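Let's take a walk through a protein model, looking at a few charged pairs and then at some helices. Keep the structure open as you read.

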Amino acid sequence: MVSHALTLTSQDLQKEEPILLFSPSNPTPVETMFLSNIDQAVTFPVETVFFYEVPSNMTLSDTINVADKVKKAVSEVLLRPYYFMAGRLNFNDETKRMELICNNAGVVFVSAKSRFSIKDLGNLSYPNPTFSNLIHRPGLYKSLAETAVFTIQVTRFECGGFSIGFMTNHAILDGKSASEMFDNLASVCRGEGLKSQLINNDRACIRARNPPQIHYPHNEYVKLAKTASLASSFTSQKRTSPSPLIFSEMYAHKLFSFSFETLKLLKQKAILKCSTFEAIAAHIWRARTKAVCDEKNHDQDSTVLFAVDIRDKTTPPLPDSFAGNAVITAFATAKARDLIEKPLSFGVETVKKGRERVTDEYIRSAIDWLEVNKGIPATCDGSFYVSAWWKLPLKELDFGFGKPRHGGPIVSGNDEFVLLLSDENGMGINVWMGLEKEKMKKFQSFVFEI
């Protein structure tokens with residue numbers, strides 16, 4: 001396990017007043033963008049921060065204008081193809097669906113300075129909830145019409161290094177398409193222009209069939225009504241605040257580091273040929289089930305959820321430039337007893353089957369299920385979601401000052417998500433998770449039983 005980093009407070013930063021950046025080529029008349037059923041299921045903000053040190057071939061003064069450079073790149077170039085990121089979400093009372101109004105209401109941009117240097121922040125790969133001060137939250141209690149779907153904060157540190165914090169709404173971009181947008185912005189900041197001029201925003205290719213044809217039970221999703229009393233990390237349709245950010249005293253949050261060698265050993269233990277994700281997801285699922293299931297509950301089902309990219313699984317495949325959510329939730333379920341008592345290979349095989357289940361017909365059926373049931377991923381009744389952040393190409397993001405020292409999500413205080421993050425050298429995986437304190441003690445005793 002890794003020790004905590006510095007606690008950053010709002011007093012440690014001087015933030016300038018937020019300003020709005022507008023697209024220079026917003027379509028007229030105002031466009032209303034259809035959001036797919038997959039988009040509808042994930043209408044919550046995602047917060048990501050990247051840290052940069054002054055490269056050895058530059059001086060501290062070279063980064064003085066970094067905020068202006070980013071601001072200019074966004075307002076003059078990025079928001080031409082990404083004009084929709086200056087829009088606002090709207091809940092259409094007639095259709096009972098979220099939609100994106102491309103009204104050029106603006107991207108919120110904030111410039112800030114910190115009295116700390118980057119090295120004062122400690123181990124950047126350790127998830128630090130107080131890094132939320134390095135992103136701009138558009139407000140917890142604003143209406144959708146007042147809430148930006150894209151905010152940027154550039155914070156310059158005493159050492160000349162800086163961070164860039166992004167908030168995007170998951171309904172509009174998934175991890176891959178958000179990474180591509182950041183990559184486009186970085187390319188413009190380096191003076192190399194946009195990498196892709198065309199962004200494919202037409203989500204009609206994954207529209208529900210009429211009439212819907214549901215051929216599977218889709219236990220990976222749950223109807224919204226069922227989650228009304230749950231502190232689910234997935235938001236209800238009209239809520240815009242981030243996923244639970246309060247770190248309750250009931251829970252302990254910890255980071256577990258798996259080195260490249262440990263991951264290799266896990267894959268060997270799995271016996272059957274498998275990916276790193278399948279091995280680590282099965283291992284965490286098994287250790288977590290041991291920790292949360294009492295002996296008397298061993299006959300209960302245990303479920304792990306995870307995202308599967310559908311870009312090349314649909315017929316025809318989605319276009320390369322597709323910007324919407326092209327991931328659906330997949331799942332693996334087993335009796336707790338089987339998961340605990342059988343070897344790791346059992347869990348790995350179950351996770352593999354969960355991924356292989358996602359065919360074109362399964363995807364279409366899931367989209368149709370969501371049309372009828374208006375559901376969200378089923379992180380309830382003890383199920384949890386494993387999110388593979390380490391697979392996103394976040395280490396390559398160069399804004400003209402070299403690759404980031406670190407990049408990753410701002411973590412939140414819920415126990416429904418296990419985040420798989422890059423470690424400092426990019427070879428291993430850091431597993432971030434929360435559990436009730438007593439269960440976490442048990443989990444700690446099981447997690448490195450390999």
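Start inside helix α6, where Arg 337 and Glu 341 sit four residues apart, so about one helical turn separates them. Those two form a salt bridge, with 3.6 Å between the closest N and O atoms. Glu 341 counts as exposed, at 55% relative accessibility. Arg 337 is partly exposed, at 27%. Bear in mind that this is a predicted model.

Arg 337 has another partner too: its side chain meets that of Asp 299 in a salt bridge, 3.3 Å from N to O. This pair links distant parts of the chain, 38 residues apart: Asp 299 lies in the loop between α5 (276–292) and β12 (301–309), while Arg 337 belongs to helix α6 (residues 336–341). Asp 299 counts as exposed because its relative accessibility is 52%, and the cut-off for exposed is over 50%.

How many salt bridges does the structure hold? The count is 25. One of them joins Glu 192 and Arg 190, with the closest N and O atoms 3.1 Å apart. Glu 192 is exposed, with a relative accessible area of 54%, whereas Arg 190 is partly exposed at 25%.

| Salt bridge | N to O distance |
|---|---|
| Glu 192 and Arg 190 | 3.1 Å |
| Asp 299 and Arg 337 | 3.3 Å |
| Arg 337 and Glu 341 | 3.6 Å |

Now for the helices. Is α5 mostly covered or mostly open? Mostly covered: 14 of those 17 residues are buried.

Helix α8 (residues 360–373) passes the same kind of check: its 14 residues should span 20 Å, and its end C-alpha atoms are 20 Å apart, which agrees. Why is α8 described as largely enclosed by the rest of the structure? Because 10 of its 14 residues are buried. Among them are Tyr 362, Ile 363, Trp 369 and Leu 370, and the list also includes Arg 364 and Asp 368.

What covers those buried residues of α8? The cover includes α1 (37–40), β10 (221–223), β13 (327–335) and β14 (375–377).

Note on methods:
Residues numbered from 1 in each chain as written. Predicted model: local features only at pLDDT ≥ 70, side-chain atom pairs only at ≥ 80, totals over all residues. Heavy atoms only, no water. Salt bridge = Lys/Arg side-chain N within 4 Å of Asp/Glu carboxyl O. Buried < 20%, exposed > 50% of the residue type's maximum accessible area, 1.4 Å probe, protein only. Helix = DSSP H or I, 4+ residues; strand = E, 2+ residues; numbered from the N terminus. Expected span 1.5 Å × (residues − 1). Contact = heavy atoms within 4.5 Å.
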